[in-house]
Amino acid sequence: MELLTGRIVKAISGFYYVFTAEQRVRCCRARGVFKKRGISPVVGDQVEVEPIGANEGIVVSVAQRTNQLVRPVISNVDQALLVFALVDPPLSFFQLDKMIAAIERERVAIAIAFTKGDLPGADAVFAAANAIYSAIGYPVTRLSVKQGLGLGRTELSHLLADKVTVMAGQSGVGKSTILSHLSPESGAITGAVGERSHRGRHTTTHVELFPVDSGFLADTPGFSQIDLTDLELDDLGPLFRDFVQQAPQCEFRGCLHEVEQGCEVRVAVEQQRIVRSRYTHYLQLLQELKEAKARRYS
Ligand SMILES: Nc1nc2c(ncn2[C@@H]2O[C@H](COP(=O)(O)OP(=O)(O)OP(=O)(O)O)[C@@H](O)[C@H]2O)c(=O)[nH]1
Ligand SMILES: [Mg+2]
Ligand SMILES: [Zn+2]
């Protein structure tokens, strides 16, 4: 029998929903041999399916993964789309820098979408944010789902083409709105309080990929609860890409960029090659790490 290639888009209680080359979803079981070998297919896996009838099948092989995230459980992630509202809720540059560090830690590429570009006050916030993050090298887009801004072929769609993208962002920033716009069949609920309340015990790890153009997009509730406190102190700096770019010398000597003599990061901040808010947020996160360690060992 002819095998079909596909990607697992949803996994619930031993059922794998595979979006196949036929451009539709088949509900599949996994071949028993996986369990014996300790392989458990996950969302994002590229698989081969032996079709059964029109809508079902058996997963017979799983391709080697390029990466695998733990929270949420998903493999082969090409990029994270950090979704932050410009206003309502007001943009927190600290939360953004924290999330960037957390995703850098997973070695997943980052793009940033600033939403609610139609609301009063959005212009100035976007100008400030765009100046900072574009300069560091992160792709930045400005969206307004209300005005249909930024969602066209050349903008967000372009960023998502051919990639597996997971969205991360706080509640109420417009993630589900983006998803329902790009994938009306996703049935994403917007404006409602997220996943947690209305589903069963699968909610915290539940993640689903939706086909958008030639790629896949996931709305991930769990991704927003980021915790960096298990990092070693000197592993924080390298997660700030601008520090590494502007002050590579600091990396060699394990500098924490606090009070050290000859710290190149601090020189770069003074010379405005590193944005001061990024440095301030780094120090704030470093402080959080120190306090967490103190608690752990006390
Ligand atoms: N003015 C304006 N409102 C928006 C825009 N995008 C989303 N909203 C509104 O913001 C609210 C929250 O949007 P959601 O898409 O549900 O937010 P979410 O990120 O999915 O939130 P959670 O599911 O709780 O994590 C809704 O009332 C949307 O209508 C936008 O571009 N402009
Ligand atoms: Mg939502
Ligand atoms: Zn330094």
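1. Four donors count as tetrahedral if all angles lie between 85 and 135 degrees, donors being N, O and S atoms within 2.8 Å of the metal (3.2 Å for Na, K and Ca), with water not among the atoms, so that sites may look incomplete. Around the zinc ion (ligand 3) the four donor atoms subtend angles of 106 to 114°, and the arrangement is therefore tetrahedral.

2. This is a predicted model, in which local features need pLDDT of at least 70 and side-chain atom pairs count only at pLDDT 80 or more, whereas totals for chains, interfaces and linings use all residues. Residues are numbered from 1 along each chain as its sequence is written, chains are lettered from A and ligands numbered from 1 in the order in which they are written, and side-chain values use heavy atoms, leaving out hydrogens and water.

3. The protein donors of the zinc ion (ligand 3) are C250 (SG), C255 (SG), H257 (ND1) and C263 (SG), at 2.1 to 2.4 Å from the ion, and their spacing in sequence is C-x4-C-x1-H-x5-C.

4. The structure holds zero disulfides (pairs of cysteine sulfur atoms within 2.5 Å). For C28, the closest cysteine sulfur, in C27, is 6.6 Å away, which is too far for a bond.

Technical notes
Tetrahedral: all angles 85-135°; square planar, octahedral: opposite > 155°, others 65-115°.
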